[in-house]
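Let's take a walk through this fold, starting with the sheet and ending with the aromatic rings. Keep the model open beside you as you read.

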Amino acid sequence: MANQTSYYKGIAAEDIVTSHYKQLGYLLKETRYKSAYGEIDLILMGQNEWVFVEVKCSKTFTAAAERILPRQVQRIYAAAQDYLSDMAGDVDCRFDAALVDGSGRVEVIENAFL
């Protein structure tokens with residue numbers, strides 16, 4: 001039951017974050033994109049860039065951020081590279097961490113994995 005609860009909390013957090021980005025003018029392209037290299041929670045398109053988003057939720061923003069581990073970041077980079085591999089030329093992109101606290105508030109850290 002705990003795994004199912006976590007799954008639905010994660011889905012709800014992704015929905016909250018998607019709404020946040022849409023309000024800012026981003027277009028959702030993929031949700032829970034899976035490749036042989038890993039999974040990316042959200043892929044969005046801004047005016048001139050792709051945005052790859054890792055969504056984490058916990059009671060606090062700090063606790064959510066602490067759940068992003070270096071190995072996971074490596075997988076996100078690899079999956080994003082796979083996603084972009086069919087696109088010609090250089091593509092601008094960034095990697096954000098979107099944190100959702102226990103109250104449903106969102107904090108986005110742009111370029112979080114630099």
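Two strands count as paired here if DSSP finds at least two bridges between them. Strand 1 and strand 2 run antiparallel and are joined by seven bridges. For a place to look, find T31, which stands opposite L42 in strand 2. Bear in mind throughout that this is a predicted model.

At the strand 5 end, strand 4 (residues 93-100) and strand 5 (residues 106-109) pair in the antiparallel sense, over four bridges. L99 has E107 as its bridge partner in strand 5. The two strands make a hairpin with five residues between them, and G104 in the turn has a positive phi of about 85°. L99 is also a handy landmark for another part of the chain: A63 sits 36 residues away from L99 in sequence, yet the two C-alpha atoms are 9.1 Å apart in space. A63 belongs to helix 2 (residues 61-65).

The largest nonpolar core has 18 residues, and the members that touch the most others are I40, I43, F52, Y83 and F113. Strand 2 (38-45), strand 3 (50-57), helix 2, helix 3 (70-84) and strand 4 each give two or more residues to this core. Helix 3 supplies the largest share, six residues. Apart from this core lies another, of eleven residues, including A13, Y26, V51 and V100.

Leaving aside residues up to four places away in sequence, Y83 touches K29, E30, Y33, I43, W50 and F52. Y83 counts as buried, at 15% relative accessibility. W50 is buried as well, with a relative accessible area of 10%.

Finally, the rings. A pair of aromatic rings is described by the distance of the centres and the angle of the planes. The structure holds eight aromatic pairs. One of them is Y7 with Y8: the ring centres are 5.2 Å apart and the planes stand at 75°, so the pair is edge-to-face. Y7 counts as partly exposed, at 48% relative accessibility. W50 and Y83 also make an edge-to-face pair, because their ring centres are 5.5 Å apart and their planes are at 75°. This pair links distant parts of the chain, with W50 in strand 3 and Y83 in helix 3, 33 residues apart. Both rings belong to one aromatic cluster, formed by Y33, W50, F52, Y77, Y83, F95 and F113.

Notes. Residues are numbered from 1 along each chain as its sequence is written. This is a predicted model: local features need pLDDT of at least 70, side-chain atom pairs count only at pLDDT 80 or more; totals for chains, interfaces and linings use all residues. Side-chain values use heavy atoms; hydrogens and water are left out. A nonpolar core is a set of buried Ala, Val, Leu, Ile, Met, Phe, Trp, Tyr and Cys residues joined through side-chain atoms within 4.5 Å. Buried means under 20% relative accessible area, exposed over 50%, partly exposed in between (1.4 Å probe, protein chains only). Contact means heavy atoms within 4.5 Å. Rings of Phe, Tyr and Trp (its six-membered ring) pair if their centres lie within 6.5 Å; planes under 30 degrees apart count as stacked, over 60 as edge-to-face and the rest as tilted.
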